[in-house]
Amino acid sequence: MSELRIRNVTKRYGSFTAVKDFSLTVANGEFLSLLGPSGCGKTTLLRSIAGFFPISDGEITIGDTVVSSAATKLYLPPEKRNLGMVFQSYAVWPHMNVFDNVAYPLRVRKQSREEVRAKVERVLSLLNLSDQAAKNPSELSGGQQQRVALGRALVMDPDALLLDEPLSNLDAKLRDRMRFELKEIQRRLGLTIIYVTHDQDEAMAVSDRIVLMQASRIKQIGTPRQIYQQPENLFSATFIGRSNIFRGAVEAQTARGYRISLPESGASVPLRSAGDPLHAQGESVEVVVRYENAEITDKPEEDTIPAKTILSTYLGGIIFYEFETALGTVVAQTTNNTQLEEGEPVHLLLKDAHVFPAESENGAELTGNMSTE
Amino acid sequence: MNTSKVRPALLSVVVYSVLGILFLYPLSRLLIASLSREHGFSLANLLEIVTNNSNVRALGNSLIVGVVVTFFSTTLGFLLSWLVVRTNIYLKRFLQFALVMPFFIPPFIMAFAWVRLLGRAGYINQFLQHVLGTTTPPIQIYGALGVILVSVIYTYPYAFIVISRAIESLGAHLEEAAQISGASKRRVVVDIVLPVLLPAVGSAAVIVFVTTISMFGIPAIVGTPGHFIVITTRIYGYVGGFRDPNGIGIAAGLSMALLSLSLIGLLLQNYFTRKEHFTVVTGKSAPIALTDLRGWRLPATIILIILVIMVVGAPVLAIAATSLLKALGLSFTLGNLTLQHYARLLFDMPIVQRSLRNSFGLALTVPTFGVIAAVLLTFIKRQGRMPGRNAVDYIVSIPYAVPGIVIGVAMILAWINPILGIRIYNTIWILFLAYIVRFMIFPMRTVTSSWKQLDNSLEEAGRVSGAGKLRTLRDISVPLLRSGIFSGWLLAFMPALTELTLSILLYSPGNETVGVTAFNVMQEGLITVSSAYAIVITVVVVGLNIVLQVVSGNRNERRPTGG
């Protein structure tokens, strides 16, 4: 295992830029996720690292070896990079049985028969596949095929493991289990993993660090906790978690937040801030309040706003309530057993709000997207 | 320049040169020849087509036969598909197989067999003469009627296959939706079923038309003796028989005319299949409710079985019977039967043995070469670095639109003179090249389409596992493509084994093929030996087909899913 360094990598297809000026160092033994909506460039970046095509700009090094460099036109083909990769479709070869699939990377490297057998058996037992060695892939379940793919990627002690949405074809329960198994194997073997996913829960659950990407660029890099609690921009705040989003102007700073005036209704609303940098009076802002940060009280308190219950969605452990307020519709998520009837008046405290300067171009688009959640 | 740029460039020069010499050069020679006389550019050849009555008549005959055969074959194909796929007729599986049997029998053999039934001394004519008490045969097969009859029998399976596939993919929900909307059964057929099937029917009609006007064996055997000449037999006449100094030029002109007809057909088919894209969006559907034939169930089944006997059984029986008679005209008594014709054919006629060797040689090497070339071409194409790589598919599929006889003329023009001291004409190699040009399309198609279905990540997984491009090709791609490779090989092998049209124009003494010797023996009037030969070929071809179907059927069963 060794450090993987990505320096100013850009990948263009004709006039389209799939990855733009991407820099990142993946530490030895780190579990790193590339997270973002489809088309954000995460898979292109992963495939650049794997070496399926030359990059347009920048440089990639694994340990001390430069594997891709646009400046020197150096481009090491995938078979010379010593990386393991698991594909979304598993890509388990249907014409080879489980043992042969896993043994293939070793056989290509001309290792001795005994060595191959020993290593494959070790990997198969690590993945609980020892009983399946002689089976054909068509006889395996999706989860088992997934493990075979993982075994094939692990068997040659790769410098890093590249995973391209490896869990997205599994059903929800299996996905949860595999997620933890993967994390467990990674810890035990000290693997360096680069994990591509569009599923925020998955990324939050397994990653040491998350690289949040949008439109070919990095939006934020941080631990899951940092990304959730200290989003650096509107995209980070809205892509992760479920949030109420509204747009307004800073009317005044208060003791624990702001009063925001809403241009459309003319209303003025207090909210408590999560401690973002201060915004000046009159500044146009986007405000993000996570569902769980809209607190329901039955009496008016400091900084609360009146609200009328419209709809409740009961999901067992949690309940979503939809309210009509001066802000428009606000969703609150609660875990306690308050039971509210339709039309019942309550008060809402909007806390830990993330306030960002309004982005004129894509801000409107984001609000539209998120309000449907 | 570094190697990563030089090598693809070099490779593409090689690929395009080979494809160009094989596929484009002959056709360009054909075009030039059709537009020139010894003094250079001239429209005389084309003029000859329009002014010479025989040529005009041949063109007209081809068109008439084409249209009439298309009408009957498509109608028959449609009715049969409907009966077999959508009604509760008995013996479905048997009928589905038996009805396409004429497809497996080489057309010139089919034609010869029908002459044995309906010719001047044909069995049916003899029988009718006996019954009616006349001395002249009541049915005259030589001429337009015979060409049309045998062509319909040879081409309706095309229509049957295309249309029944379309009917099978027609989801029951389309009809159910119409019924729910209140449409009567009759309206459902008129408003929904027919419009949805129209593209498939149109496409089938075009295939039948193009096949019919391109056919040589049937009009040569059934038409020519009755002085009924079509374009293909006219071209053959100019190349082989007529002592016309401009013969090859006029043949080239006629070839261009035939080629144009075929191209128009192909454009039409493109149009039909493009429209089809809109309608094929049926997805998975509930099992189709079969139409209950009620009282007609048994009669309909019997009619179809009689049809199968008529189109396959009777002609094969006729040649089988003839092949066993000591001499033509003898009655069928045990004492008159003999195997001597088979013995003579297989042991006393070196030309037959030679042609069997040649044909098997060609039929084994051409598809093998074709498959290897198809895999390599597609592989190079998929590397994505060769300039203009999409042209490869177009170049290789050109001959699909070009009738066999036209390819034959083009090959003569291209290779008649030695090139760089290499003589190809009058050797077996001209047949090899011509077969490659003609049959390359099959492996190319099956290999390309099965490669398209292969998930890229299967090969990428090979690369990250440490295998280079060629190693991945060998270990991953080729094994995964084997069913496409196998079926492409087979699709080229079968027609190559009994090829007649190209061979008759391009063979030379010593390099005869089975088609050529069979055709020549038939032309010489050696009827009993010809019958024995026809039986041998039929048994080999049908036998191989059955064996291969069983083998490929088993293969498919053993491999339930891909990756």
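This is a predicted model: local features need pLDDT of at least 70, side-chain atom pairs count only at pLDDT 80 or more; totals for chains, interfaces and linings use all residues.
**View 1. A:Lys110 sits in a loop of chain A with a positive phi.** The loop in question runs between helix H2 (98-108) and helix H3 (113-126) of chain A. Phi of A:Lys110 is about 55 degrees, a positive value even though the residue is not a glycine.

**View 2. B:Leu420 is a non-glycine residue of chain B with a positive phi.** Here phi is near 55 degrees. Look for B:Leu420 in the loop that links helix H17 (404-415) to helix H18 (428-439) of chain B. B:Leu420 has 4 other C-beta atoms within 10 Å and is exposed.

**View 3. Helices H5 and H7 of chain B pack across each other.** H5(B) covers residues 107-118 and H7(B) covers residues 144-169; their axes come within 10 Å and cross at roughly 130 degrees. That angle makes H5(B) oblique to H7(B). As for handedness, the crossing of H5(B) past H7(B) is right-handed. On the H5(B) side, the contact uses B:Pro107, B:Met110, B:Ala111, B:Trp114 and B:Leu118. Facing them from H7(B) are B:Gly146, B:Leu149, B:Val150, B:Ile153 and B:Tyr154. Sorted by class, that contact has nine nonpolar residues, one polar and no charged ones.

**View 4. Chain B meets chain A through 20 of its residues.** Chain A puts in 23 residues of its own. On the chain B side, helix H20 (456-464) and helix H21 (469-480) are the elements that give two or more residues. H20(B) gives the most, with six. By class, this side of chain B has eight nonpolar, eight polar and four charged residues.

**View 5. Zooming out, chain B has 25 helices and two strands.** Its radius of gyration is 25 Å, close to the 24 Å that the globule rule gives for 563 residues, so chain B is as compact as a globular protein of that length. Along the principal axes, the C-alpha atoms of chain B fill a box of roughly 85 × 70 × 50 Å. Of its 563 residues, 44% count as buried. Take the contacts in chain B between residues at least 6 apart in sequence: 79% of them join residues at least 24 apart.

Note on methods:
Residues are numbered from 1 along each chain as its sequence is written. Chains are lettered from A and ligands numbered from 1 in the order in which they are written. Helices (H or I, at least four residues) and strands (E, at least two) are DSSP runs, numbered from the N terminus. The radius of gyration is taken over C-alpha atoms; the globule rule is 2.2 Å times the number of residues to the power 0.38. A residue is buried if 20 or more other C-beta atoms lie within 10 Å of its own, exposed if 12 or fewer, and partly exposed in between; C-beta atoms are placed from the backbone. Two residues are in contact if their C-beta atoms, placed from the backbone, lie within 7 Å. Ala, Val, Leu, Ile, Met, Phe, Trp, Tyr, Cys and Pro count as nonpolar, Asp, Glu, Lys and Arg as charged, and the others, Gly among them, as polar. Axes are lines fitted to C-alpha atoms, for helices over the stretch in contact, and angles run from 0 to 180 degrees between N-to-C directions. Angles under 35 degrees count as roughly parallel, over 145 as roughly antiparallel, 65 to 115 as roughly perpendicular and the rest as oblique. A crossing is left-handed if the near helix is turned anticlockwise from the far one by less than a right angle, and right-handed if clockwise.
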